[in-house]
Amino acid sequence: MKRFADLYTALDETNKTNQKVAALVDYFEGAPAADAAWAVYFLIGRRPRRAMSSRQLAEWATAETSLPEWLWRESYDAVGDMAETITLLLPENDNASTEPLHVWVEDVLLSLKDMDETEQREAVTHAWDKLNTRQRFVFNKLITGGFRVGVSQKLVTRALSDFSGVDRAVIAHRMMGDWEPTPDLYQSLVSEEAADDDISRPYPFFLAYPINDDPLDELDSDTVADWQAEWKWDGIRGQVIQRKSESFIWTRGEELVTDRYPEVTAVVAQLPSGTVLDGELLPWKDGEVLPFGELQRRIGRKTVGKKLLKDVPVVFMAYDLLEWAGEDVREKPLAWRRTQLEQLVSQVNQPHLLISPLAQGASWAELEGQRAASRDRGVEGLMLKRKSSPYRVGRQRGDWWKWKIEPFTVDAVMIYAQRGSGKRASLYTDYTFAVWDADGQLVPFAKAYSGLTDEEIRKVDNWVRRHAVESFGPVRSVEPELVFEIAFEGIRESSRHKSGVAVRFPRILRWSQDKPPAEADTLETVRALLPD
């Protein structure tokens, strides 16, 4: 635990990539396999299911500190993070546990789920007594499910590769899918000779870079013929796998969802053994894509009733072939993979397996015209893929680009503010925005917390503190004076929201400091953006 807590501190204290990688490599060089496995598990964002609520932890910590409840609430409101609040308020402790990380996880953290509340409280408070402040903070992060330390899975993969000498792409592939953090698993990650016997394992996804304006400013070739243009679908990115007569559907978030889309699973079962396809799970009916909001009706459901299956049927829109006849074909050029994919989809000939149609254009101007009509097709723009490109790992510049249409924009008034989390816990960074209804009242329609510069955030935070009207727990209502331009990708009807609409991916484009609140947009203007 001591070395893992030291690693957390080292990672948290720098924003330099090379220093983070060096700290990770140093940790893996000295960590036993049982500890390293859990370290990888937590560092890439995985976490076991929580055994108790934040309310319980707050109650136990309040009792340990003998603080009045109001002071605890005020402290948490100021800090904004449960794990950090507990650590700061508990009496300082010079103890330092020498027990390894895997013992703390397996004998304490995981055993909590099998205890009653009295036993849980005893185990947690005993852990607080045995750990010093730094270790206690990490432990609290683990039990609250809030362990994040500013490293990506890509960075962990790079560190493991530097440490072991195994190619990054190989490690990235081994880290995909569902696995348990055991010593054997860790050894299989960093061993040159390790065999992959997990037939469900997906491949790392290849991600595109955005084109912000003219494709000629980004692409190193002005010949349209060198590129394959496809529509950019708004669904759930995933891979379907058929190996040894078993079918699997994975999302980009590495969630196994085979049982949730039975109509797609039935098609995957008909694919030749040793086939892996990359594509998009889409709500599709009568030959057309449905809004993403319809797909949300099925997300998270482990069982789907007959009515929902009928109302929101799902297809797999395939756009790449990653494995064919049991062979990894990612290094073959896209043009070859596309040809094989077209033949495969044609042979299977099932309505729930489609191939992403190509957008045709003899020039960039023609493709721009196609892109401009994206919303009429229910898509977000175009994907541009170099025909000679292999299927790479992660986000890499040069071969795959997303050329999205301009977002919807609305001028809205900020009416609520809330403190952020993590390093923004002391600043008001999460905002609710409203537009004017027909009666001249402000109606909330979107929340956003990204898009402002650090300097703008500080200015808005200072303004919120001086213009707060009421408090609702951590939320402050503010005087309706600040106007912001809000961008979002999609909009749909919603009976759950007071405005009657829900927007997708809202964010702040700019702070319109020259615009008075009366000139903000109306709900009628927002509703006019709804698709016909």
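Entry 1, largest cavity. I sorted the lining of the largest cavity by class and got three nonpolar, one polar and three charged residues. The model I am working from is predicted. The lining residues I listed are F42, R46, R47, K141, L142, G145 and F147. I noted a volume of about 40 Å³ for this largest cavity.

Entry 2, cavity count. I looked up how many cavities of 30 Å³ or more the structure holds, and there are two.

I put down about 30 Å³ as the volume of the second largest cavity. I found V240, V264, V267, V268, L271, F316 and L353 lining the second largest cavity. Sorted by class, that lining comes to seven nonpolar residues, with no polar and no charged ones. I then checked which helix gives the most to it: α13, residues 262-268, with three residues.

I looked up the packing of α4 (residues 54-65) against α8 (residues 117-130) and noted an angle of about 55 degrees, with the axes 11 Å apart. The crossing of α4 past α8 went down as right-handed. On the α4 side I listed Q56, L57, W60, A61, A63 and E64 as making the contact. On the α8 side the contact is made by E117, Q120, R121, V124, T125 and W128. By class, I recorded six nonpolar, three polar and three charged residues for the contact of α4 with α8.

Definitions and conventions. Residues numbered from 1 in each chain as written. Predicted model: local features only at pLDDT ≥ 70, side-chain atom pairs only at ≥ 80, totals over all residues. Heavy atoms only, no water. Axes fitted to C-alpha atoms, helices over the stretch in contact; angles between N-to-C directions. Helix = DSSP H or I, 4+ residues; strand = E, 2+ residues; numbered from the N terminus. Left-handed = near helix turned anticlockwise from the far one by under 90°. Contact = heavy atoms within 4.5 Å. Nonpolar A, V, L, I, M, F, W, Y, C, P; charged D, E, K, R; others polar. 1 Å grid on protein atoms, 1.4 Å probe; cavity = no way out; pocket = protein on both sides within 12 Å on 5 of 7 lines; lining within 4 Å. Points joined across faces, edges and corners; volume = space filled by probe spheres on them.
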